[in-house]
Amino acid sequence: MLSRFLRNPKKLLVTAIIYAIVSMNICAAVALDQLDSGLTEITVEQIQARMPEVEAYIYNKGPVYEDREIEAYLDGKQLSYIGTDESGSFGTSYTVMLDISGSIRPTYFEAAKKQISSLANTLRPVDSMTLITFGDDVVLQANQCRDQNQIQMILDQLDGKDQNTCLYEAIHQGIDYMQADGTDNRQVMLIISDGFEDTGSAGITRQEVEDQVAKNNVPVYALCADYVEVEKQEEFGRFARLTGGNLVSFGVHNAESEWNNLISWLNSAARVRFQSDSNKIDGKTHTLLIKLKTSQGEENYTREIQFSDWIPDETPPEIINFSYLSRENALKIQFSEQVTGADQVSGYVIRKGPEELVPSSVTQLDTTTYLVRLPNDMQAGEYTVTFADILDNSMEQNELKSAPFQFKKALPLVKMVAFTGAIVFLTILVAAAIVWKRRKKQPQTITYEVHHVQAESLKPIQSAGTGVSGSVTIQLTSGEKAGQKLDILIDKSSIWGRSDLMCDVCFQDKRMSRQHCVFTVREDGIWLSDLDSQNGTYLNGIRLVKAQKLSQQDQIRIGDTSFRIIKILWETRNQEKKV
């Protein structure tokens, strides 16, 4: 049966054509599926970082995600989510590298040039293309070009006839051009070749190329001619997927559709932006973990990255909260950002006048807050705090910008209660002493009813004090007792008024002050002074403003009580009695 089939050339030709068409369709389907291989609903293509900003380019096949569905962690520390830029809202810088060695079949080479020209024709104002050819040499044909005509003129002059393939050197130079791009565009590398083989890059190994691509987080999309052995295509694809890119196999007849599918895929990426708390870079390898919540559950993507660029930080740290905690005897200080040196006791200078104190310890409560514990034997009073060698955690190491802070330590409650009790006790003692002294003098109370003095006639009243003494005899001139005479003894001085505790002679007269006036014995006689009473002391009808010497027949009014001086007697220090 097989021999008869082989002897029929028409059937043989038709079968071959059908087989070729089916094979091409299968290859096209495989190429389309390769973009989605290993992906679920979301995949992370590329990480770009200019510290403290970290950007992830993500493809999403499901519904649009929100910030609550995506998280990022740098070395286990969560980054702050800033926002998501949908596809088309940011630019892309394409670095296209075309193999011009003779190993590329001419028809495939022409198909590749045609698709490069098509890509140049679809560039937006924010996009750009860098075209590099590699064969015997690596040549930069166009750098960040947006002119489709210029790209077309360059392509028209290219032939695929070189004997060598300097692929590794081309990748090395392509990454250098990407780093010098000078824009915030997303960076994508497209390599058009017939495999991941290098026959001319002396001194550059494949491992070095892979390390360089991984270090710079450059996604590589490999466009491989479909006539190449499957093993070589897979080798090319493994390298591309290692970088976050993928493999696309193309033929002469499906090059346009495959290329369009790839560009459409690239244009569907969204940019998710995160921010770290520092712009610091250290040249080390860090682990970035991205957690994505999808309809199928949580997906984790881990990428090892190194940072080489940062945004300058020109803002010094500040203190946004300062408080003294009396119970803990500690200072609670919150900074505006993460700082270094705040966890050391040497970062705080505490003074009370010329005295300088050293904190006993410092505890970090969270990323920006510290608890500074003070010495237990610290005395009460007002203190001033200044800061030393506290810097922000940035490449610039900006110094803390802060004026001195002041706080006051009050007496402990036990000491305050004891101190207050002592004050109260002393006050009671003083009051008791005054009362005892006044009681000891046994002043005579002259009861005065309805503006009249009531007292026993000629009853002597003793006054406190020592030294010269005397007496006055008065005759009441007002009230029902008008005409009544009283002899009053004065021992150095005698205070008259309404208070029985504070006066030597007291009256029940509402218009008198508690201490109204004072009679004083001097060498030359007895003098009368007003004690700033409210209603005044009147001598012979004139209100006293200063002390006046008394004479017989003087008329005196204090409050509503009036009397006349009948007799004055005093004794000097040499025991001489005078009238």
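**A note before the close-ups.** Call a residue buried when its relative accessible area is under 20%, exposed when it is over 50%, and partly exposed in between. By that rule Asp-309, at 33% relative accessibility, counts as partly exposed. All the views below come from a predicted model.

**Figure 1. Asp-309 and Arg-50 meet in a salt bridge.** Here's the general idea: side chains of opposite charge can pair when their charged atoms come close. In this view, the side chains of Asp-309 and Arg-50 are 3.2 Å apart, N to O. Asp-309 sits in the loop between strand E14 (297–306) and strand E15 (319–325), while Arg-50 belongs to strand E1, so the pair ties together parts that are 259 residues apart in sequence. Arg-50 is partly exposed, at 36% relative accessibility. Searching the whole structure turns up 13 salt bridges.

**Figure 2. Lys-77 pairs up with Asp-277.** The closest N and O atoms of this salt bridge are 2.5 Å apart. Look for Lys-77 in strand E4 (residues 77–78) and for Asp-277 in the loop between strand E12 (270–275) and strand E13 (285–294); the pair therefore ties together parts that are 200 residues apart in sequence. Are these two buried or partly exposed? Lys-77 counts as partly exposed at 36% relative accessibility, and Asp-277 is partly exposed too, with 37%.

Figure 3. Arg-241 is partly exposed at 32% relative accessibility, and Glu-234 is partly exposed with a relative accessible area of 32%.

**Figure 4. Tyr-57 and Phe-90 make an edge-to-face pair.** A pair of aromatic rings is described by the distance of the centres and the angle of the planes. The structure holds 17 aromatic pairs. In the one shown here, Tyr-57 and Phe-90 are 5.4 Å apart centre to centre, with 65° between the planes. That angle makes the pair edge-to-face because planes over 60 degrees apart count that way. Tyr-57 comes from strand E2 (residues 53–60) and Phe-90 from the loop between strand E5 (80–85) and strand E6 (92–99), so parts that are 33 residues apart in sequence get tied together. Tyr-57 is buried at 0% relative accessibility, and Phe-90 is buried at 6%.

**Figure 5. Tyr-59 and Trp-265 stack.** This time the ring centres are 4.2 Å apart, with 20° between the planes. Which parts of the chain does the pair tie together? Tyr-59 lies in strand E2 and Trp-265 in helix H8 (residues 255–266), so the pair links parts that are 206 residues apart in sequence. Tyr-59 is buried, with a relative accessible area of 2%, and Trp-265 is buried with 13%.

Figure 6. Arg-557 lies over the face of Tyr-538, at 4.3 Å from the ring centre.

**Figure 7. Helix H3 covers residues 106–121.** How far does this 16-residue helix reach from its first C-alpha to its last? The span is 23 Å, close to the 22 Å expected at 1.5 Å a residue. Several H3 residues are buried, including Tyr-108, Phe-109, Ala-112, Ile-116 and Leu-119. An α-helix has 3.6 residues a turn, so residues three or four places apart point the same way.

**Figure 8. Some backbone spots are worth a look.** A cis peptide bond joins Met-51 and Pro-52, with omega at about 10°. Pro-52 is in the loop between strand E1 (42–50) and E2. Asp-389 isn't a glycine, yet its phi is positive, near 60°. You'll find Asp-389 in the loop between strand E22 (381–387) and strand E23 (391–392), where it is exposed at 64% relative accessible area. Lys-492, also not a glycine, has a positive phi of about 70°. Lys-492 sits in the loop between strand E28 (485–491) and strand E29 (493–497) and is partly exposed, at 46%.

**Figure 9. Phe-425, Leu-426 and Leu-429 form a nonpolar surface patch.** Together they have about 310 Å² of accessible area. Phe-425 is found in helix H9 (residues 413–441).

How values were computed:
Residues are numbered from 1 along each chain as its sequence is written. This is a predicted model: local features need pLDDT of at least 70, side-chain atom pairs count only at pLDDT 80 or more; totals for chains, interfaces and linings use all residues. Side-chain values use heavy atoms; hydrogens and water are left out. Patches are made of residues with over 30% relative accessible area and no salt bridge: like charges are joined within 9 Å, nonpolar side chains (Val, Leu, Ile, Met, Phe, Trp, Tyr) within 5 Å. Accessible areas come from the Shrake-Rupley method with a 1.4 Å probe; for residues, only the protein chains shown count as cover. A salt bridge is a side-chain nitrogen of Lys or Arg within 4 Å of a carboxyl oxygen of Asp or Glu. Helices (H or I, at least four residues) and strands (E, at least two) are DSSP runs, numbered from the N terminus. Rings of Phe, Tyr and Trp (its six-membered ring) pair if their centres lie within 6.5 Å; planes under 30 degrees apart count as stacked, over 60 as edge-to-face and the rest as tilted. Buried means under 20% relative accessible area, exposed over 50%, partly exposed in between (1.4 Å probe, protein chains only). A charge sits over a ring if NZ of Lys or CZ of Arg is within 6 Å of the ring centre and within 35 degrees of the ring normal. The expected span of a helix is 1.5 Å times one less than its number of residues.
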